[in-house]
Amino acid sequence: MRPFGYAAPATVEQAVGLLAAEGSEALAGGTDLLSLLKDDVERVDRLVALRGVAGLSGIELDGGMLRIGAMTTLQELRDHEDAIAALPALAVAIDGVASPQLRAMGTVGGDLLQRPRCWYYRRGFGLLALTGDGRSMVAGGDNRYHAIFPTGQARFVSPSSLAPLLVALEAEAVVHGPAGERRLPVEALYRAPRTGGERETTLAPGELLVGVEADVTGSRSAVYEVRQRRSLDWPLMAAAVTLTGSGPRAEKARIVLGHAAPTPHVASAAGDFLSGRELTSETVTAAGDAAVEGARPMSGNHYKVQLARTAVRRALGQAAGMEI
Amino acid sequence: MADYSWPEADRRAQIGARPARLDGAVKSTGFAKYPSDQNPNGLLAAKILTCPHAHARIVGIDTSAAEAMPGVRVVQVIQGEGSEIQWAGDEVAAVAAVTEDVARDALRAIRVDYEVLSHFVTEEDRDGAPGARPAGERAEGDPDAAFATAHRTVERTLGMPQMAHMCLEPHGQVCSWDGDELEVHASTQAVSTLAGQFATELGVPASQVRIRTEYMGGGFGSKFSPDRWGIVGAELARKAGAPVKLFLERDQEVTVAGSRPSAFARIRAAADEQGRLVAWDSDSWGSGGLPGTGQTPLPYVFSRLPNRRTRHTSVPTNLAGSRAWRAPNHPQACFLTMAVLDDLADELGLDPIDFLDRNLDLTGRPDTYREQLAIAAEMASWKERWQPRGREREGAIQRGLGVSVHTWGGRGHSSNCDVTVHPDGAVEARIGSQDIGTGTRTIVAQVLAETFGLELHQVRVSLGDNVYPQSGPSGGSSTVGGVTASTRRAAQDALREVLVHVAPRLAAEPEQLVAEGGRVFVDGDSSRGMSWREAAAQIGGAPISVQGRNPGPGRLISSGVGGVQIAEVEVDTDTGVVHVERMIAVQDCGLIINRRLAESQVYGGLIMGVGYALYEEWIPDPVSGRLLNADMEFYKLAGLVDVGSLEVHMMTGPGYDERGVIGLGEPPVISPGAAISNAVANAIGVRVPYLPLTPDRVLDALAGRGGPA
């Protein structure tokens, strides 16, 4: 490994100060970042360890407001009976992180901000994987696990297990930075980088994700992930849905795809279509079709369009308690 | 005493029993020291720098910065300036350093300038392959005439890609020099033959090279030679004057240390109105990396099919050369053949088991297959549960059953075994074989214990060291036949010497005596006997030591086995995800020494088979020429929850036992790809032409039939 510095701040303010320096990177559970460093895919001057920072971990259910600290481990969240009872879809999303070791070490913030699994990126070809003359290695190569909604040259997929659900819930991210606290929709944490130098998240230097908050009352959510293996495996496609209101009619529907685009992909046409409609076999199928409108699959991932349709249909069915 | 032979069924105490493997506890608790666990004093760690390009020429190489790094002891250039590299992952330089991390850092400090050349890695694209060459054409009978008059013909293009061995313990070794004497703790399948190969490369006499492999973590056909990293490891150790551990990193293990050749084919097969196979025409191709690949045995099992023509094209690619993979060429040939026959049965409107049964006279062992097909069908409740294609149920989830048959040789290899009986009754065997996970240590102990009438804990087996008598490499399912035959002969000879000493004390001839149940006594009159310990004491002060050999006199082994497997799958037709619900395996292997270990080999074959049927493949990148899944993240192996319920039936008893011991490691891995593919076709009504049966391929096949996607 290349040498790097290591800082262990005790407060959010100290952490933010340390992270403001160029080349600093926050270290949460370390389940992926350390591998990236060992493989020389990413380089850092200094790791800022968050484990000793006060106030970053914990789960609170206050009325219908669920607050989760960024350093809460996935297993702690999974074991929180009230949180799971209030939002059962969380259990599905967390159980999808299929190894107990990863759930024990991995954190909520780490899951949301983890780097893509794109095999070109992981082999050192960069996040956009462009050749010297600017051609996409992904488009010309093997893209079976890549985006069906590429954005520009960003063709990797957002790998977060929790993000689609939190985006569907319109959860907020709480971020601390040099200028203090700011809140933004979880959806706004993500972007598709336009150049090789850009990250896939919107956090500015010195900014630290400290937690997420979601109103879990008055809605029904579900997550459906398509996996090839039942054992440890990444989803090929994931869908999260949140239906507002009770009864057969959805007052409002939010449908979000994971593993489909460089960011959690809000399928707004599908959500708009379903909002105000009754959920039936026909309408959820139509929503699944609407969710893939505008998909631009590449040479090897047409099948993911069908997976997205199915994942949406099945997630909606589960949220509505229907047999699909 | 009788000739060399196995005891009759009613006189077997150990043979055919189910003792647990002797080293199971030390392996599962971590006390077993594998070659990669060896950490002698002063050990250095070595790592290898590999070429990132699939085809390149080395223009320059500068190791000075690496050499200057603290903790770096030796830097060695493996392929220097001017070398042409033919695959990504080929070895360029090596470093020995005080820790693995320092060695890795030093690799990064080596500057190599490459002239990048054009590459070809897309093996299925025969027409685009620059080096494709004919590799065999055979014909028998008159296929054209037979096709012209046949009742039904099917034509399919099918294939399966290259895949990795993925040994859990990577290739590598620990090398220590003491003057001109080299000791190698190697993860190898060939303890007895490795020393000579090291010696030739290193310029020392083979008598000064010691190879030790007490345990090893998987080979599957990929660990028969020292390999370049073995020789480099020894050279680094010699230069450093310190022991050197060099085991491949996981990405190297996947990329260069073992792959199974691909096989693709356009096949036509035809049958007459009675469902009898009458014609075969196959145009096959495949790649085993740079060397290309030879012809797979088509048509498989039904090799006496009349009127057949086979052509093969070898497709070289810029990928590391393939290695023998558990039953070389057979899983490929089995899939290509059984899928076509299964489709032909469907075309004929026949139950595939009935169709196979009608054609068994075209195989080498019709009686065995007929019996096995009946047993497998019974286990699967095939008659009640099998339905022809096209009768799918409501909903997305479909179920199906598929069947396949396979064959293998498995004759025992050359083997020598020293058996020693001590005056205190202690019995030991020394054999230069290796236990590659199949249970060889336990098998040898059982043969010893059987012969001397002792319990397993009363005998000792030493193996995995080339100072012991030469015993063959563990390949071709040849180990069990080789080691049991040499051990049995040595043990029978040693016992005979003991009995010569004992006979006068019992007023009997040696030929009248038997050793059973911890005693030596006159056969038929157990009162005229003595304990084993007392008997051994009769030999005097010095132990008896005898060497047994295979081949040798007596009929202890033979070769040639058949097996039948049935797969039951569940297919989600909306996602293309296939899950294996159940695998049934019916297998013969002659006389079984250890039922538990025999079944364990079949379970292992089924698990590995589910892996290559559903998940495993090399994914070379057409753009960079590198493998994109040289890891355990996207190179997917079957997990326990993916393999379904596994049910094994071993053929034993009259008709099987008297054939003697036959190897078993390979046959059970041959059929799963074919059986699972046939089950998927049965479930969804259409053939998915390629393995592994990934969701994209399943959905494509469904789409071709007007399904989704």
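Domain bounds here come from an automatic or database domain assignment. The model is predicted: local features need pLDDT of at least 70, side-chain atom pairs count only at pLDDT 80 or more, and totals for chains, interfaces and linings use all residues. Residues are numbered from 1 along each chain as its sequence is written, and chains are lettered from A and ligands numbered from 1 in the order in which they are written.

**Exercise 1. State the domains of chain B and describe how domain 1 meets domain 2.**

Step 1. Between the C-alpha centres of domains 1 and 2 of chain B the distance is 39 Å.

Step 2. Contact requires C-beta atoms, placed from the backbone, within 7 Å. By this criterion 17 residues of domain 1 of chain B touch 18 residues of domain 2 of chain B.

Step 3. The domain 1 side of that contact has 4 nonpolar, 11 polar and 2 charged residues. Ala, Val, Leu, Ile, Met, Phe, Trp, Tyr, Cys and Pro count as nonpolar, Asp, Glu, Lys and Arg as charged, and the others, Gly among them, as polar.

**Exercise 2. Locate the buried residues of α3(B) and explain their placement.**

Step 1. Helices (H or I, at least four residues) and strands (E, at least two) are DSSP runs, numbered from the N terminus. A residue is buried if 20 or more other C-beta atoms, placed from the backbone, lie within 10 Å of its own, exposed if 12 or fewer, and partly exposed in between.

Step 2. Helix α3 of chain B covers residues 100-109, and V102(B), A103(B), D105(B) and A106(B) are buried in it.

Step 3. These residues lie on the same side of α3(B), because they cover an arc of only 160 degrees around the axis; the arc is that of the directions from the helix axis to the C-beta atoms.

Step 4. An α-helix has 3.6 residues a turn, so residues three or four places apart point the same way.

Step 5. The packing partners of the buried residues of α3(B) are β1 (44-50), α2 (64-67), β3 (72-77) and β5 (91-97) of chain B.

**Exercise 3. Describe the side of chain B that touches chain A.**

Step 1. Contacts link 27 residues of chain B with 23 residues of chain A.

Step 2. On the chain B side, α3 and α17 (695-704) are the elements that give two or more residues. The most come from α17(B), with 3 residues.

Step 3. By class, this side has 13 nonpolar, 6 polar and 8 charged residues.

Conventions: Two residues are in contact if their C-beta atoms, placed from the backbone, lie within 7 Å.
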